[in-house]
Structure formats: structure tokens, C-alpha cells
Amino acid sequence: MGLIPFVAMCLSVSLWDRIRPMPFGIPFNFFWLISWILLTPLCMWGAHKLERRQESPRPPRSEDAS
Amino acid sequence: MSGASVALAAMLLVVAAGSALGFYAGGRHKMDLEQWAVAGRGFGALLVWLLMAGEVYTTFAFLGASGWAYSRGAPVLYIPAYISLGYVVSFYILPQLWEVGRAYRLQTESDFFEQRYGSKQLAAFVSILGVVFIVPYVELQLSGLGFIVQAASFQAIGRTLAMVIAAVVVGGFVLANGIRAVAWSSVLKDVLLLAAALSIGLGVPSFYFHGIRPMFAALVRAHPNHLVMPGATQNLGHGWYVSTVLLNAVGFYMWPHVFGAAFTAKSGDVLRRNAVIMPLYTITLPFMLMAGFAAILIIPGLRNGDLSLLTLVRRTFPAWWLGVIGGAGALTAMVPAAILILTAATLFAKNFFRPLFAPQMTDDEIARLAKIMVVTLTGAALGCAIYSSISLVGLLLLGYDGVTQFFPGVVLGLYWKRVTRRAVWSGMLAGVIVVVLLILSHHDPLFGLNAGFVALALNFVIVGIVSLLTPAECSGFEEAPTTDVRVE
């Protein structure tokens, strides 16, 4: 899951680094990054869910362990 | 009242409110070393979030990012990308780090190296490197603060005097409060920063161009190359972008102060949830970039791009709002500067001086030495800020090149049993030497790649090879954990 934002924001730069089309009047590269600022938490939220599920045989980690 | 006094008064009010919040929060706890440095390891999700946001969104995001958008153009997009990806990396590393941190009662990044590789010398080396590379980061904050005071006083207070005032305030702030105060001051800072970002990023384009769409249309007509890489530069193309984003994303949590923040959390899951939400915080950045882009058309020909945002604000908004934005900006510089200085001072006293020169020192004496170091380091950064002229972004890139060299030692130390002390030593030394040589000989970027990235790759290769050549060692994380009985 964590690889998705890396591919989208970093490795694929030559595919999206251009001005047109301009969604909402914003250059495409700028728009693309703004969208991924919003999509990255979604990916990580998914990763968090997955990790929770893998750990579920054990009792969930208690919050107040000190 | 004149514009300058209105702006300065508003700014002072904001800074005073932020500090008062911090003093109030810090005052209720007795300050021993553990409390001062990691807040007794008792921060829940909210406070860790605040602390980390306080550390990450510095005047670099405020003035530096808009400055690069103005002077360099599209390469500035590396900033939102690497910050978001830094959190992705943290999701996978920090919880493990927190586990060993709790088991062995680690407070700092150097403690980690000492425990894992069983070497005080290696830990001391990590500390001193950490301190050295933190200085440009503090310098960045003080320069930024200098710009802000200068702008808010309508040039009545000179840059040097402004930076001296800034340094005194920051130093005093750290000495009195410790880390808990810092987390609370950043609440006000972040709220105001968001307001500032919205008003600038949306207000400026609609004021001058009647909206974002016409602004970009005008910009594309006037400077068609500015908005795609390499922008206004010769050598910051796609290779540079990829290597810099990767380098900074992995280096993000290698900063000793951010690394240490992981230990303030109550549980590993706090950190994981934190990593999920934090990227959303990056959303203020595009607004800052927008201001930088707008400034190209409105105030072309500024000699120093880092001044573009403030100049624009002063031209567009009434003096009191300039003051509020200036105050937000000032807190944005002071909060991280305080954390940086605090971390560097603790590292120097606890992980460098004591183990090498004075093993019999008590925790109280360490705390006292740390406070002397606070003053020394603030002075050093102030000196650098007065005499150097690198752009804000340039300063941070320099720091990243350095601290990222810790990454192989940390990540392999956590996940690969075979990695040895000598391997980490050789990799780190090679990485740092290569970085320094490349930068001093002006070979950054090298073949279109970030110099720090080249050094990091070499570092990894050396750690791998030397680990396989040297005999296996027992990892410090296989010893029985320190029994964790704490008297509250």
C-alpha cells in the first residue's frame, strides 16, 4: 500500500510533469500533487486497516500500555 | 498609528499569546531530563500530532517554499511530495522504533545507535553529526524570523538586529519550558498558519487576477517554462526531482528531533495513526506555492525570492493582517527552532560529552550542560545566519544531505540482524565525506542527481558489503530489556 504514493508522486514524474490539461485552471503537475496529498492518507488508512486485520489473532494493542 | 507600529503590535500580541500558552502548559510539570526531553513518554495521539506538526511546518514551508516557487518554479513541487512520502516511510519504521525505544528506555537517536551496535563512539559520532547538521536548520529559522520582523516593521528594524532579538527569544523559550511547552505553542501557530495560507493563497490571486484560473493562464502566457521542470533552473530536472524526493522522504524521520518525537508517544499505534493523518496537513503548502507563483507576475525582479511572500502580503493586505501573518510566521520559526536547539543540546550533553569526557556526570549536571549548549548553539546559528546568504531551501537541502546518512544504520539496524558496527561506521563516514566533497566542489547535483542521494546509495552499498565481510555480531536488541519501573 505504501508503494502507491511513491509511484504516484515520485517515480512517475515524467508522465505528469506538464501544464495541460489544466483542471480547474490549475497546471496539471500542480493539480496532480494536490490530489495525491489528499489520496495518500487514504492509502495509508487502507494499510492501517490491513495491518490491523493481520494482527487480529492477537488482542488489539492496548492504548494505555506504559 | 503608522502601519509599522500596527503591524508590529499585532505580531507581538500573537507571539506573546503563543508563548503564554506554552509557559502555561510547561509550568505544571516538574522538569527532570526525561520530562524536559521526551515529556515522560506520555503523549497521546493529539499531542504527538501537534508536536510533529510543530516540527515539520517551519518557516521553510512558509517563506522558503514560496521563495523557491518564485525563483525556481516547478522544481519546488518536490516539497509537498517529499513531506507526504516521509509520512508513508514513518508508518513502517516508527512503530518498531517506538517498541525498542520503550524496551531500552531510549531518549535520542544516538541512544538507538549505542544500544543497537554497542558502541559509545558510534553514538557520539552520530550525535556530533546531528548537532552539526541541525545548525543550518536553526539558521534557516532565524533568517526567516529576521525577514519577518524586517517586513513587519516596514524596514525600520534591520535584519541583523531582528535576528538577534529572534535568537534571544528562542533561547529563553527553550530554557524555560522544555518540549511540552513547544507542543502547545504550536496549536496557535498551526491555526494561524492555516488562516494565513488561505488568505494569501486564495486572496492574492482573486485580488489581482479575479481568481486562480486567470492567474495561471497569465503565468503560462508570460513564462511558459516556469511551471514545468526544470523551471527557471538549468539542472533541476526529473532525475533531480526523483532523487531529491526519495532522499528527503527517507531523511524526514532521520532528523534527531523528529526521531526523538517518536519516543514521546504513548504507544506504537499512536504513531501509525499519526502517519495516516499527517499528510493532510501538507495541504497548506500549495497555497504558499500559489503565493510564490502569483508574486512572479505582481512583483517581478526581487533579488531574494525568500522575501516574495512577505512583500506580497504587505502590498495586498492592511497592516494589522500583515502583523498577524507575521506573528504566525514568527511562531512558525520559533517553535521548530526551539525543538531543534533542545534536541541538539541534549544530544551534545548526553550522547557526546558525557560518554567521552565525563562518565561520572549525573542527570542534573547533564541538564545543566544542555542548557549551556542551548546558548552556545543559538549563538552559533545566529552567527551563521548573519554571515551567510544561502536561500532558505538551500539550507534545508544541505541539512538533509547530512542527516540522511543515518538511514542505513537505523533501518538495517531494525530489520537486518546481520548488519555490524564496523559496516555502519564505514558506510556513514563514506556517505558524509562524499556529501561534503560534492557540495564543496559544487558538484551538486551530480549527473542530474541530488548529491546526498549519490552518497546515500554509496552508504547503503558499503554497509551491505562490509556487514557480509565482517563476522556476525550480537544485536543490542537481543539483550534483555531494561526493566521499566518508573516512579511517577
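Guide: Two residues are in contact if their C-beta atoms, placed from the backbone, lie within 7 Å. In chain B, residues 24 or more positions apart account for 85% of the contacts with a separation of 6 or more. This is a predicted model, in which local features need pLDDT of at least 70 and side-chain atom pairs count only at pLDDT 80 or more, while totals for chains, interfaces and linings use all residues. Residues are numbered from 1 along each chain as its sequence is written, and chains are lettered from A and ligands numbered from 1 in the order in which they are written.

Visitor: How many helices and strands are there in chain B?

Guide: Helices (H or I, at least four residues) and strands (E, at least two) are DSSP runs, numbered from the N terminus. Chain B holds 21 helices and zero strands. Chain A has three helices and zero strands, in the pattern α-α-α along the sequence.

Visitor: What percentage of the residues of chain B count as buried?

Guide: A residue is buried if 20 or more other C-beta atoms lie within 10 Å of its own, exposed if 12 or fewer, and partly exposed in between; here too the C-beta atoms are placed from the backbone. Of the 488 residues of chain B, 61% are buried. In chain A, buried residues make up 29% of the 66 residues.

Visitor: How many of the residues of α7(B) are buried?

Guide: The count is 28 of the 33, so α7(B) is largely enclosed by the rest of the structure. One residue of this helix, which covers residues 120-152, is F147(B). F147(B) is buried, with 27 other C-beta atoms within 10 Å. Apart from its neighbours within four places in sequence, F147(B) contacts L63(B), D306(B), L307(B) and L310(B). After α7(B) comes F154(B), which has a positive phi near 50 degrees.

Visitor: At what angle do α7(B) and α16(B) pack?

Guide: Axes are lines fitted to C-alpha atoms, for helices over the stretch in contact, and angles run from 0 to 180 degrees between N-to-C directions. Angles under 35 degrees count as roughly parallel, over 145 as roughly antiparallel, 65 to 115 as roughly perpendicular and the rest as oblique. The angle between α7(B) and helix α16 of chain B (residues 319-357) is about 160 degrees, and their axes are 8 Å apart. α7(B) is therefore roughly antiparallel to α16(B).

Visitor: Is the crossing of α7(B) and α16(B) left-handed or right-handed?

Guide: A crossing is left-handed if the near helix is turned anticlockwise from the far one by less than a right angle, and right-handed if clockwise. α7(B) passes α16(B) in a left-handed crossing. Within α16(B) lies I339(B), which counts as buried with 28 C-beta neighbours inside 10 Å. The C-alpha atoms of I339(B) and H257(B) are separated by 6.7 Å, although these residues are 82 apart along the chain.

Visitor: Which residues make the contact of α19(B) with α21(B)?

Guide: The axes of α19(B) and helix α21 of chain B (residues 451-469) come within 9 Å and cross at roughly 45 degrees, and the two helices are therefore oblique to each other. Their crossing is right-handed. From α19(B) the contact takes F407(B), P408(B) and L412(B), and from α21(B) it takes L456(B), N459(B), F460(B) and V463(B).

Visitor: How many of the nine residues of α19(B) are buried?

Guide: Seven are buried, so α19(B), residues 407-415, is largely enclosed by the rest of the structure. The buried residues include F407(B), V410(B) and G413(B).
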